[in-house]
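Student: Could you walk me through reading a structure like this one? I would like to learn the features one at a time.

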Amino acid sequence: APVLVWFRDDLRLADNPALARAAGSGAPVICLYIRETPTGSQRAMGAAAGWWLAQSLRALDASLRGLGNSLVLRSGTAGEVITDVAAATGARTVLWNRRYDAGGIAIDKALKTALRSEGLEAASLPGNLLREPWEVKSAAGEPMKVFSPFWRAHQRLGDIRVPLRAPRALPAFEGPLPSEDLESWKLEPTRPNWASDFPQVWTPGEAGAQARLTTFLDEELAGYADGRDRPDRPSTSRLSPHLRFGEISPVQIWHQAHIAAGMNHGRDLAKFLAELGWREFAYHLLFHWPTLASDNFQPRFDGFPWRSDTASLRAWQRGLTGYPLVDAGMRQLWRTGWMHNRVRMVVASFLVKHLLVDWREGERWFWDTLVDADVANNPASWQWVAGSGADAAPYFRIFNPVLQGEKFDPGGDYVRGWVPELAALPAAAIHAPWKAPTAVLEKAGVTLGETYPAPIVDHDAARERALAALSEIRDAT
Ligand code: FAD
């Protein structure tokens, strides 16, 4: 009987435990992807991630065809689709790699019970994290809320497992097995095609992920510890969307990074691995606190006096706040589906602190516009910036977008790249054009309020307002 592998956030052949087990059985393998109708607390995929998914599924199908197999596409609820496919093909075994959001876990558990009660074998395997979220515990055996001890405990657990090889053969199921047409899912935008720049920036799929990792390790890992804060340079791995869709596993990255680093750059390697650690930590939090995306981790923030301010929210979304670094980031996000981490922190802080808009509004916008929109990383990072999260940045630490720009984009090249109307300004004026002498603005063709917005809030006033709002909840628990 054939074995059914249900692909989800693991669109790769190498180091794919479910696929490896199926291939090892020697039986025909059915490779299935389900466009799930969201149920319970499951979130519908955002639009930019949908674009990525379409490319990634095509790449996976092409790789499977190289092995004489192919990807079967279906839509519906997982329970119904899998029961159908198993009944139609006589599959007796269903395998998948785990997910960690409450909605997904509930579906997988129910499915496992249903399949087993029919006498089928169903197994979920660990494939998308370095360690399972429940393996890392405090000395008292509790879930952990602070990153540094979490990461130390994680590392104390010993070696990371060795990555699995891609199967060399994958016998196909020979019977009739209809597949839906990917085009009919309409994952890619047409009118307007807001993703038109994406293909120049990204190569989704397992081969693209491996190529990105290789380039990063060869050219960018050396210097990463200091360089990672510089949005004006290619300073980080840009592996996040590949990791989001499981085109590469953190276990593969872990091992390849160790090999590439050799004895040379200990500090750079440690810093890079710690970023993978933040991803592990976000999944740990999501697993133990399943409402991370909807509820303040610190309940005292439930009483926070958020403002409802549609005009400011829109200005932020469109990159028209009048703060060049913020606007550059929001436009990079719109044009490429990605934003540099330093700038993510600055724009998120600006929304939550300068504009006093609820972090959930920002989280939703990111969810829809990021190609790496991640069930754990996105809400965990938003709560971290907002100050409502576990081990969060203290709320009173309010980023000054001008100083952040001067420090991390000192020549102004990042702003010039994404905010062309300011491109002719010299570095000394580009992060705060409203302070520049009129002659400088004139020479650069900048008229504030016309060619580029004046700041929608004054930094000092916004800072005072944010601190006053914080004092309303400071003593609550
Ligand atoms: P690198 O610096 O090369 O890091 C390597 C990998 O480590 C990343 O690919 C990512 O998987 C992981 N990582 C790095 N930083 C973090 C972090 N702070 N938290 C968790 N994992 C991290 N990351 C997402 O993957 N998806 C999101 O939806 C997301 N939303 C964010 C929202 C906000 C407000 C902020 C401040 C950060 C968010 N991040 C998110 C974290 C981080 O910004 C991105 O992971 C990073 O910018 C991706 O670029 P990179 O792959 O070049 O990172």
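Predicted model: local features only at pLDDT ≥ 70, side-chain atom pairs only at ≥ 80, totals over all residues.

Student: Is Asp-391 buried, exposed or partly exposed, and why?

Tutor: The idea is to count neighbours: a residue is buried if 20 or more other C-beta atoms lie within 10 Å of its own, and exposed if 12 or fewer do. Asp-391 has 17 other C-beta atoms within 10 Å, so Asp-391 is partly exposed.

Student: How far apart are the C-alpha atoms of Asp-391 and Lys-353?

Tutor: They are separated by 18 Å, and the two residues are 38 residues apart along the chain.

Student: Now strands, please. Which strands does S2 pair with, and how do they run?

Tutor: Here is the general idea. In a regular strand the side chains alternate between the two faces of the sheet. In this case, strand S1 (residues 3–7) and S2 run parallel, joined by 5 bridges. Strand S2 (residues 29–36) also runs parallel to strand S3 (residues 71–76), with 6 bridges between them.

Student: How does the chain get from S2 to S3?

Tutor: It crosses through helix H2 (residues 47–66), making a right-handed β-α-β crossover.

Student: Which residues pair up across these strands?

Tutor: Val-3 has Val-29 as its bridge partner in S2. Leu-32 is partnered by Val-72 in S3, and Arg-35 stands opposite Ser-75 in S3.

Student: Is S2 mostly covered or mostly open?

Tutor: Mostly covered, as 7 of its 8 residues are buried.

Student: What should I look for in the backbone angles?

Tutor: Look for exceptions. Most residues other than glycine have a negative phi, and most peptide bonds are trans. Here, Arg-238 has a positive phi of about 50 degrees although it is not a glycine, and Leu-356, also not a glycine, has a positive phi of about 55 degrees.

Student: Which peptide bond is cis?

Tutor: The bond from Arg-191 to Pro-192 is cis, with omega near -5 degrees. Pro-192 is in the loop between helix H5 (147–156) and helix H6 (198–201).

Student: How do I read the surroundings of the ligand?

Tutor: Begin with who is there. The ligand is surrounded by 27 residues, and the closest are Thr-236, Ser-237, Asn-341, Asn-378 and Ser-381. Helices H9 (240–244), H11 (266–288), H14 (341–354) and H16 (377–386) each give two or more residues to this shell. Its residues divide into 12 nonpolar, 7 polar and 8 charged. Domain 2 (129–160 + 207–288) and domain 3 (299–473) each contribute at least three residues.

Student: Which residues does UniProt annotate as "binding site"?

Tutor: The unreviewed UniProt entry gives that annotation to several residues, including Tyr-224, Thr-236, Ser-237, Arg-238 and Asp-372. The annotated positions spread over 151 residues of sequence and up to 23.0 Å between C-alpha atoms. Among them, Tyr-224 is in helix H8 (residues 224–227).

Student: Is Tyr-224 buried or exposed?

Tutor: Tyr-224 is buried, because 22 other C-beta atoms lie within 10 Å.

Definitions and conventions: Residues numbered from 1 in each chain as written. Near = placed C-beta within 6 Å. Helix = DSSP H or I, 4+ residues; strand = E, 2+ residues; numbered from the N terminus. Nonpolar A, V, L, I, M, F, W, Y, C, P; charged D, E, K, R; others polar. Domains from an automatic or database assignment. Pairing = 2+ DSSP bridges. Right-handed = clockwise from strand over helix to strand, strands pointing away. UniProt positions renumbered as here; feature names shortened; annotations may be inferred.
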